[in-house]
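Here is a protein to read through slowly, one question at a time. Please look over its sequence and its fold before turning to the answers.

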Amino acid sequence: MRPFKSTISLDEARRRMAANVRPVERIERVGLPDAAGRVAAADIRSAVAVPPFSRSAMDGYAVIAADTSPATPDRPVRLRIVDRIYTGIAASSRIGPSTCAEIATGAPLPDGADAVVMVEETTPAGDDHVDIQAMAAAGQNIGRRGADISPGDIVVRRGESLNPSRVGAAAAIGCVELEVFARPRVAVLSTGNEVIDPGAPLAPGQIYDVNRFTLGAVIAANGGIAEAHRPAQDTMDALFSALDGCAGADLIVFSGGSSVGERDLVVDLVEARGTMIFHGIAVKPGKPTAFAMVDGVPFLGMPGNPTSCLSNAYILLVPYLRATARLPLYAPKTVRAPLGRTIVSPAGRHQFYTVRLQDGAAFPAFKGSGDITSLSQADGYIEIPASESTIQAGTVVEITLF
Ligand code: AMP
Ligand code: MG
């Protein structure tokens, strides 16, 4: 055993990771249907006006506003209908004094008209006339050409993430393809002589690989491409060649072997090939976590215990990966509820304690760091600062939801 020299606080771990983010620089082109969730790598500038023509924003009548003064429901103004304008055609008529055109929402405004009266403010007066019951103001119910976007406008800026509305802005200007930052490639590798692939029967002492799949899911959900490798044995040779197999990755995430046992070789691996930035965080679960630069690539050594590994994936890997991918930080939802049972937490470690919500209260779901059901059967977690050790039943706590 080689005990931790010292542990650092969670805040300090986050600071050191944030100081070592390397945002991806590679750029690729994607079609608009594949752009959602990506990050624009170049400004998207419009060549067209949106809307491309002045149009009606209502079903109603295109009028000359001055003609409608002083219409009221009791004393309507009668106008002659000279055209019926539907969407998808060019308006050909011209509206002169005391005339109007019936017009559909989205149809081009005819020349001469400067307002649209909605159909609810009119009554028919035979086939060729309509009675306008309300005075129109010039410009009302009209979407002017270019009012949304003018030619030359930037509709999405470099670095902005392509959420549905920004995909919509790109679509509105007729964009077909756009430049986005490449997704970070994240190599994921489990270590441990006992860890095997699913599909094979378990020999004595063996377990199925969990971390490769939980990490892969977290990475895919946060803008990365998880490149999963087969589990590696706990020997330096196996770890060196596993590391070589991760060449080309933007971030390497190992799990297991990050603690202080004789067979925990991740620290030796880092010392042989890179620079340790920290090893050991004062959190529970997840203390044996290492962060380093290995062959110039950021390297996270996660604990093997599935709950510790996944917990730290949420807490440390997600913000780091999103910053690498240039995605905005993810702020999980929180709710408040009274604690259903008293919880005791070790002093001196910031604990993430999983809970289940039931009948309006939060009940402990945490079994042990090695138990994946500590997480899979929980709705979220509460945080117990290092300075606190007991939280009494009934105390209202803030639960961060998964
Ligand atoms: P370690 O961090 O290597 O000391 O492992 C701690 C515990 O987690 C041990 O019980 C391991 O068998 C278990 N473990 C390590 N890696 C994995 C994995 N990929 N999937 C499931 N359990 C694991
Ligand atoms: Mg191990």
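Q: How many helices and strands are there in the protein?
A: The model is a predicted one, and its secondary structure is counted here over the whole protein. The count comes to 7 helices and 28 strands.

Q: Why is the protein described as more spread out than a compact globule?
A: For 402 residues the globule rule gives 21 Å, and along the principal axes the C-alpha atoms fill a box of roughly 95 × 50 × 40 Å.

Q: What share of the contacts in the protein between residues at least 6 apart in sequence join residues at least 24 apart?
A: A contact here means heavy atoms within 4.5 Å. Among such contacts between residues at least 6 apart in sequence, the share that joins residues at least 24 apart is 69%.

Q: Is Cys100 buried or exposed?
A: A residue counts as buried when its relative accessible area is under 20%, and buried residues make up 47% of the 402 residues in the protein. Cys175, at 15% relative accessibility, is buried. Cys100 has a relative accessibility of 0%, and therefore Cys100 counts as buried.

Q: How many disulfides does the structure hold?
A: A disulfide would need a pair of cysteine sulfur atoms within 2.5 Å. The number of disulfides held by the structure is 0.

Notes
Residues numbered from 1 in each chain as written. Chains lettered and ligands numbered in written order. Predicted model: local features only at pLDDT ≥ 70, side-chain atom pairs only at ≥ 80, totals over all residues. Heavy atoms only, no water. Helix = DSSP H or I, 4+ residues; strand = E, 2+ residues; numbered from the N terminus. Rg over C-alpha atoms; globule rule 2.2 N^0.38 Å. Buried < 20%, exposed > 50% of the residue type's maximum accessible area, 1.4 Å probe, protein only.
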